[in-house]
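Try each task yourself before you read on.

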Amino acid sequence: MQENLVVRREMHIPAPPAAVFALLTDPEKILRWMGTEAEVEPHPGGLYLVNVTGARFARGSFREVVPVHRLVYSFGWDESDIVPPASSLVEIDLVEQPDGTLLRLTHSGLPTADQCDGHAEGWAHYLDRLAEVAAGRDPGPDPWHGRTGAE
């Protein structure tokens, strides 16, 4: 795997790790910041399925779940030949800090630099929305609703 084909994002979220973990694993809470439908089973082998924009399903399965600290799941897009379901890997670490949580995301296994760029843009968009929700604010309607991606 080439190092340049990895998306990395690190951000501070003004909420404790347990609250951030819930926003990443509870289907109802996921929908506050991303997607129109979510079915997640946060245990090794469990399903990760989120209709991210109302027009595009992300699908994979959980590989590692360490409550309030770490999530690892495979990731890809239904009906995609470029990034098919479960073809890449998302790792999220939550590090407790005095004023909230440091979220570290690594998305590896993407096939091209263009896909890395697109997924980096997507993660930036949705993690910013997650931070808004974690801070007790409403991020408003998702401007990406209905977006199908560049494939």
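**Exercise 1. Decide whether Leu 71 is buried or exposed.**

Step 1: Take the cut-offs, where buried means under 20% relative accessible area, exposed over 50%, and partly exposed in between (1.4 Å probe, protein chains only).
Step 2: Leu 71 has a relative accessible area of 1%, so it is buried.
Step 3: Keep in mind that this is a predicted model, in which local features need pLDDT of at least 70, side-chain atom pairs count only at pLDDT 80 or more, and totals for chains, interfaces and linings use all residues. Residues are numbered from 1 along each chain as its sequence is written, and side-chain values use heavy atoms, with hydrogens and water left out.

**Exercise 2. Find where Leu 71 sits and what it is in contact with.**

Step 1: Leu 71 belongs to strand β5; strands (E, at least two residues) and helices (H or I, at least four) are DSSP runs, numbered from the N terminus.
Step 2: Contact means heavy atoms within 4.5 Å. Beyond its neighbours within four places in sequence, Leu 71 has contacts that include Phe 21, Leu 24, Phe 62, Val 90 and Ile 92.
Step 3: Look at Leu 24, which is 47 residues from Leu 71 in sequence and 8.7 Å away in space, C-alpha to C-alpha.

**Exercise 3. Describe the largest cavity and its lining.**

Step 1: On a 1 Å grid over the protein atoms alone, a cavity is a set of points where a 1.4 Å probe fits but cannot get out, and lining residues have an atom within 4 Å of a point.
Step 2: There is one cavity of 30 Å³ or more, and the largest holds about 70 Å³ of space. Grid points are joined across faces, edges and corners, and the volume is the space filled by probe spheres set on the points.
Step 3: Among the lining residues are Leu 24, Trp 33, Leu 71, Ile 92 and Trp 123. Two or more lining residues come from each of α1 (17-25), β5 (70-75) and α3 (113-134).
Step 4: Sort the lining: eleven residues are nonpolar, none polar and none charged. Here Ala, Val, Leu, Ile, Met, Phe, Trp, Tyr, Cys and Pro count as nonpolar, Asp, Glu, Lys and Arg as charged, and the others, Gly among them, as polar.

**Exercise 4. Work out the strand order of the sheet.**

Step 1: Two strands pair if DSSP finds at least two bridges between them.
Step 2: The open sheet of seven strands runs β1-β7-β6-β5-β4-β3-β2, with antiparallel pairing.
Step 3: At its edges lie β1 (7-13) and β2 (37-40), each pairing on one side only.

Key. On a 1 Å grid over the protein atoms alone, a cavity is a set of points where a 1.4 Å probe fits but cannot get out, and a pocket is an open set with protein on both sides within 12 Å along at least five of seven lines; lining residues have an atom within 4 Å of a point.
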